[in-house]
Amino acid sequence: MIDDPAERLLAERSCERLVLEFVRELDLGEPGAVAELFTSDGVWEWPEGDRAIRGREALRAYFGSRPPTGSPAGFAATSW
């Protein structure tokens with residue numbers, strides 16, 4: 001846990017920006033670019049079952065298989 005309020009605020013803001021970038025790239029940008037938001041050994045797991053995608057290249061292939069949607073939900077999430 002971060003004790004310094006300023007450091008905590010900066011960490012929280014960094015997390016918010018990461019989530020917003022994820023949504024923007026996935027919905028409105030280039031879905032394959034989502035993989036760049038992960039570390040090289042990043043993992044995308046589903047909440048149930050044993051389904052997981054491991055590694056940036058596998059993540060790029062998975063997210064890249066999704067076409068940009070231009071969804072209103074993505075726009076709403078990135079405009080606040």
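**Exercises on a predicted protein chain**

The protein chain contains three helices and two strands, where helices (H or I, at least four residues) and strands (E, at least two) are DSSP runs numbered from the N terminus. The model is predicted, so local features need pLDDT of at least 70 and side-chain atom pairs count only at pLDDT 80 or more, whereas totals for chains, interfaces and linings use all residues. Residues are numbered from 1 along each chain as its sequence is written, and side-chain values use heavy atoms, with hydrogens and water left out.

**Exercise 1.** Work out whether the span of helix α1 agrees or disagrees with its number of residues.

*Solution.* Begin with the order of elements, which along the sequence reads α-β-β-α-α. Helix α1 covers residues 5–27, that is 23 residues, and the expected span of a helix is 1.5 Å times one less than its number of residues. This gives 33 Å, and since the end C-alpha atoms are 33 Å apart, the two values agree.

**Exercise 2.** Determine how the rings of phenylalanine 22 and tryptophan 44 are arranged, and which parts of the chain the pair ties together.

*Solution.* Rings of Phe, Tyr and Trp (its six-membered ring) pair if their centres lie within 6.5 Å, and planes under 30 degrees apart count as stacked, over 60 as edge-to-face and the rest as tilted. Eight aromatic pairs are found in the whole structure. For phenylalanine 22 and tryptophan 44 the centres are 5.5 Å apart and the planes lie at 20°, so this pair is stacked. Because phenylalanine 22 belongs to helix α1 and tryptophan 44 to strand β1 (residues 43–45), the pair ties together parts that are 22 residues apart in sequence. For burial, the cut-offs are under 20% relative accessible area for buried, over 50% for exposed, and partly exposed in between (1.4 Å probe, protein chains only). Phenylalanine 22, at 17%, is therefore buried, while tryptophan 44, at 28%, is partly exposed.
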